[in-house]
Amino acid sequence: MGGNKQKTGRNTRAVEGTNDAAFQSKCSTAALGYVEDPQLLSLVKKPARRAPIINRGYYIRAKALDTFLSFALAKHNRERPLQILALGAGFDMAYFRLRAQGQLPPGTTYFEVDLPDVVRNKMLLLEMTDHLKDVSPDHEPYMPGDDATAALRHTLQRHKAKKAAYAAHATAGNGKGAGQQTQPSAAEGNVKAATTTAPLASALTPEELWGNGLLLQSYRLVGVDLRDLHLVEQRLLAAGLKRDVPCVIVSECVLTYVPPKHSDPLLRWAASFFVDSVIADYEQVFPHDAFGTVMQRHFSNIGSPLRCVNAFPTPTAQVERLQRLGWTHAVAPTMWAFYNTMLASTERARVAAIEPFDEFEEWHEKAHHYTISIAGKGAFADIPRAFCTEHLNGPPLEPSYVTRCPITITTPPPAPPSSSPPSPPPALPVPADDTSRYSHCSAEHAGTIFVFGGIGNCAHRRLNTTAVIQGHTVTPLSSPSSSSSSSSSSSSSSCSGVTPPARVHAQMCVCNASHLVLFGGRSSPVRPLNDIHIARIPSPSSPSSLVWLPGRVSPSSSPSSSSSPPPVWRHAMVSVAPHRLLVLGGRTADGVLHDVYELLVPHLDPAHLSSGGGSGGNAGGDEHDSCATPKSTKQQQQQQQREAPPVPGTSATATATGSVEDVGGFVWRRHDVQHVNRFAHAACTIESNAGSSAVAVYGGLDAKETALSSFVFLTTTIVTDDDDDDNDGAVGDASPLKITSEEIEFDPPLPPRFGHKMAWCAAWQCIVVAGGCGPAPLKPHERILIIRPSARTWQYTAPAIITSAPMSLSPPSSPPSSQQQQQQHAWWYQQSLMLNHTLHCTADGELVIVMGGGNCFSFGTHFDRRVLRFRLSDIFSTSPSSFHPSRHFVQGFDPLRVSAAQFKRGIVGRRLPALFPTCTFGAASEWTPEALAAACGGMEASAHVTTHSHLNFLTRNFRFEVMSMPDLIQRVFNSSSSSSSPSKPKELLYLRSMGKNFRKDVADISVTHPQLFQQFELPPCFPPEILGDAKFSTALRLSSAGVQLWTHYDIMDNVLFNIVGRKRVLLFPPSQVDNLYVQGSTSAVVDVECPDYSAFPRFRTALHHAIEVVLEPGDALFMPAMWFHNVRALTPCVSINAFFRHLPAERYQRKDLYGNKDLPEACRAMAKVDAALKAMEAMEGDYRDFYLRKLRAMINVHLDAACTRRNGGDGDDDNDDGDDGDDGDSDKDDGVKKD
């Protein structure tokens, strides 16, 4: 008991410390001019200056809360009195600021509540200022009522007596000293008896009565622990808080430190105590991603762990919590929503100009991890919605477009623990080596990746070190000083010459397949760079030796077109021709770089860069490297001149000893090009040859820090006509370059993104985009985006099978493959920021994402200490629709950000499939074969048993077999490991559960498998009625690996909850019914992966519109009625189907056990058509053909009218591929490039 008291005391002191840190940050924000708060600044003599991202974070926090208070005060009837209650107010001076600004309505009483020690310290600060010396009626002493004071005094005396009894008992018998526990039952009984029989404690001092507080007419400061709800209510009642007076409640980062067992009753009390009230609660959300993990670890390390964020991890959970506790309406916008929708552009420009700021990705993450939950009741019930309508008209719910691909994650040692990853996971060690850096630059050549600069090492400083990544091996290149002092280093692993200064946000390119060119970046927040450095790519025999030398710019013969770019960072740089690089956009000291700069790289003597010289650069700003370089030989110079004559003006400056100091001959040219004025964007070269090239530019931020979604094509052409007027800028044999730009539109539009990287994959003719920031923090399935410029389509790609190989300083002996390690690497992927990284596509088609990370506000630094590798062939090789990109992709929604109401209104109403990845299904999410067998007990089931992987409903190539559920489960999960032979084919099983009376009842697992149904929890993004009033049936499905069901459609909407295993779902829109050869509700095309086009020619057209998605454990797929679907189990699978009605119940057939019987009116109409067709068969041939065509024309008229109504006036069916579709021509010229 004593130990618990001590632990509580330590936690209380730690929470008090968070007030001190917040106070310093608020003072820094006010002192710099982010906010106007002279009352706060009057409490300190010299405010400490915090980092820019912290200042901006506290600015938007103050701005959001002030805006809420102003809005609530404006909605209040000023003829009525008002109460404002600030919970955990700390050293906040809102009362004095609002009073000085004249915003407080007449008769307003301002209450502040905080811990008694914090209140005492605030009183000391106030007494040193003039704020309480104002002689006015507002600051006259308040005399509380006798009854309320007596009740409070009695409560406090009981508390005091109980505390004394505990102290006396702790030092009593059994030789136990203070702070030690006795038997709990005996202790509680003794204390209770002592408290009951002891007389009341002596008279209380005013400090004890009011918790060191102060009671004035308009301002009442009360000290009390919010965990003691009874005492909170007693003190506030005694201080004059009234139930019938409207109250505005503010809680600023307070309840997050109070466990739900205490904070929930407090919120419930606030909702029930007042007749009219509104609350604004500011606290953290999203605790389980990389930023959230660092955030949680920080607060745990300082002794004040976040108590509520795991229980209410999302804005939706915050809203549901408040509504559950008695508030009528609630909203919970994030700070990112405030910053992007509340602030005027002039205000954002003012904030951006206050101090240098360059942490845009980290700011995006921080702003998304804080929310202000606003809830109201009574006369204030509509304030939350009205506030959002006026200030937060954000974008509507937008889908993601998802497919999946395997990803290999390369991670540094030490190896992960064998147990499954804990939640929240422990901190990963960050060794001080070159596997940990972000904001670096890198370049790839022949599978080798060269990495330079960035922020890294445990010291969190800018680097000027280079590392080489080959396969799963990373090799830090040592400087001469370190190699001489380390016996483990060798001459083949070194970096010499004039090392470039440490920097971040620079760019490095491979030029002419022989050199690395480094340009730009910044060495400090106020020191951008525009210097050039060059290194020759080492030979395969010595891949880890680099010689860096600075580049010297030579004047052009046309000064009007030749000018060096200003110092720039966050730019893009691409190679467009041999010895030609383009610098696109970027951030400068004056804003955003508007022009495109062409850099002509001289032809270089190999001897200049085979060994370096001169003085080294600043290693992390602390050390210098130097080495001597021998003279180049005459034979090497002659050989280089024969291979490539140098550009006039090229030179290499040498010292008296022969060491090379720099390389001359670089020439800049400026081009006026539209659409590239942006920064934090990405660019890549798509096509490049001797005369022309194409460059793609996507995303970024504009000068107003607005995220862009525009996609720009640049076409560059080398002008060779000597008579061309633009040829004046030629330098020797370097002809001028003509650049044109075009902005490309996509359907659907590309999402806004910045801080990302992208690379061109020539083999698949597509661009791969990785990481960055979107309208919200990118979920794992949104981080990798594939763009097909020729087809103007795009899709997200999520990881499916995650394997691993350790990153080490030596090649791995054998890559680990245990299931536990794969789970750990899956967790690592979830925990990566994928910010400030780099991306490359190797010649053999492998995509490599290199490192990354960021500074997580004031909480610490996160390093993505891994290299991710994947291939597009893993996406498209098994996809039958991949070679025909269309506008249709499965739409993915974050289940944590979709409410049940949004599902009904915005998703079901769209009539398109929707994917909800990474859902939780309660205890069912932990199902194993053993757990399933134990839960099913002695139940029996009738399963499909076959040796054919393609189940055919029309030919019935399977048999039914009744067996026990444990036997079925064992056979399903063992079938994947069993062997087969021609004489004994592999046995495959499939179960679709039936009703209790399979001839009369629909499937209902709550009746047939109640133990399993009780363990299944419906994710909150789905409305409960799909398992209630709107439910048609629920079916349990078990499948052996390899089982493929027949393609069919259902009349009911349904959600497929994939719980165990992986399965591929191929979806066909209803418009393809005439291309699927339907018999009843089933397609006659059995093998959709290798179809017989001679028998089913129109299936080519259907396949062109197919949508494929691979479901992982935890995924839920919504499939609207009449969407055909074909499902193959890739591994042993367990899933649950929920079929539900979206039409009135009377619209469906009464005797429908499977949800696939057509609507009654459709059956009657088709029966009449069938009768008409039979009547026409009796006609003569030419008459029969004529009237059949006329009947088809009549149907087409109605079909065209229906398409016109559906498309809002556009009569074209977007799924129609021409005339009748009976020729199956999917290769017509439709503007889509075929792979």
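**A buried pair and its surroundings**

D358 and R522 are both buried, where buried stands for under 20% relative accessible area, exposed for over 50% and partly exposed for what lies in between, with a 1.4 Å probe and protein chains only. This is a predicted model, in which local features need pLDDT of at least 70 and side-chain atom pairs count only at pLDDT 80 or more, while totals for chains, interfaces and linings use all residues. Residues are numbered from 1 along each chain as its sequence is written, and side-chain values use heavy atoms, with hydrogens and water left out.

The side chains of D358 and R522 meet in a salt bridge, with 2.7 Å from N to O; the term stands for a side-chain nitrogen of Lys or Arg within 4 Å of a carboxyl oxygen of Asp or Glu. Because D358 lies in the loop between α14 (345-352) and α15 (360-368), and R522 in strand β20 (residues 522-524), the pair ties together parts that are 164 residues apart in sequence. Helices (H or I, at least four residues) and strands (E, at least two) are DSSP runs, numbered from the N terminus.

A second pair is formed by E1112 and R1062, whose closest N and O atoms are 2.9 Å apart in a salt bridge. The pair links distant parts of the chain, since E1112 is in the loop between β56 (1107-1111) and β57 (1116-1119) and R1062 in the loop between β52 (1053-1060) and β53 (1063-1068), 50 residues apart. E1112 and R1062 are each buried. R227 and D225 also form a salt bridge, with the closest N and O atoms 2.7 Å apart; here R227 is partly exposed, with a relative accessible area of 25%, and D225 is likewise partly exposed at 25%. Salt bridges also link R959, E961, D967, R971 and E987 in a network, and the structure holds 34 salt bridges.

**Strands and their partners**

Strand β5 (residues 247-252) is mostly covered, with six of its six residues buried. C247, I249 and S251 point one way from β5, whereas V248, V250 and E252 point the other way. On pairing, the criterion is that DSSP finds at least two bridges between two strands. Strand β1 (residues 82-87) runs parallel to β5 and is joined to it by five bridges, with Q83 standing opposite C247. Strand β6 (residues 277-284) also pairs with β5 in the parallel sense, over six bridges, and Y282 in β6 is the bridge partner of E252.

Leaving aside neighbours within four places in sequence, the contacts of I372 include A280, D281, Y282 and V331, a contact being heavy atoms within 4.5 Å. The C-alpha atoms of I372 and V331 are separated by 8.2 Å, although the two residues are 41 residues apart along the chain.

An antiparallel arrangement is found in β41 (residues 838-841) and β42 (residues 846-850), which pair over four bridges. T838 stands opposite V850, and the two strands form a hairpin with four residues between them, where G845 in the turn has a positive phi of about 90 degrees.

**Surface positions**

G909 lies in the loop between α22 (900-907) and β47 (914-916) and is exposed, with a relative accessible area of 52%. M1179, in the loop between α28 (1160-1176) and α29 (1181-1206), is partly exposed at 31% relative accessibility.

**The whole chain**

The protein chain comes to 29 helices and 59 strands, and buried residues make up 55% of its 1235 residues. Of the contacts with a separation of 6 or more, 73% are between residues 24 or more positions apart. The mean pLDDT is 78, and 76% of residues reach 70 or more, pLDDT being the predictor's confidence in each residue, from 0 to 100. Over residues 394-433 the pLDDT stays under 50, and the model has 135 contacts beyond four places in sequence for this stretch.
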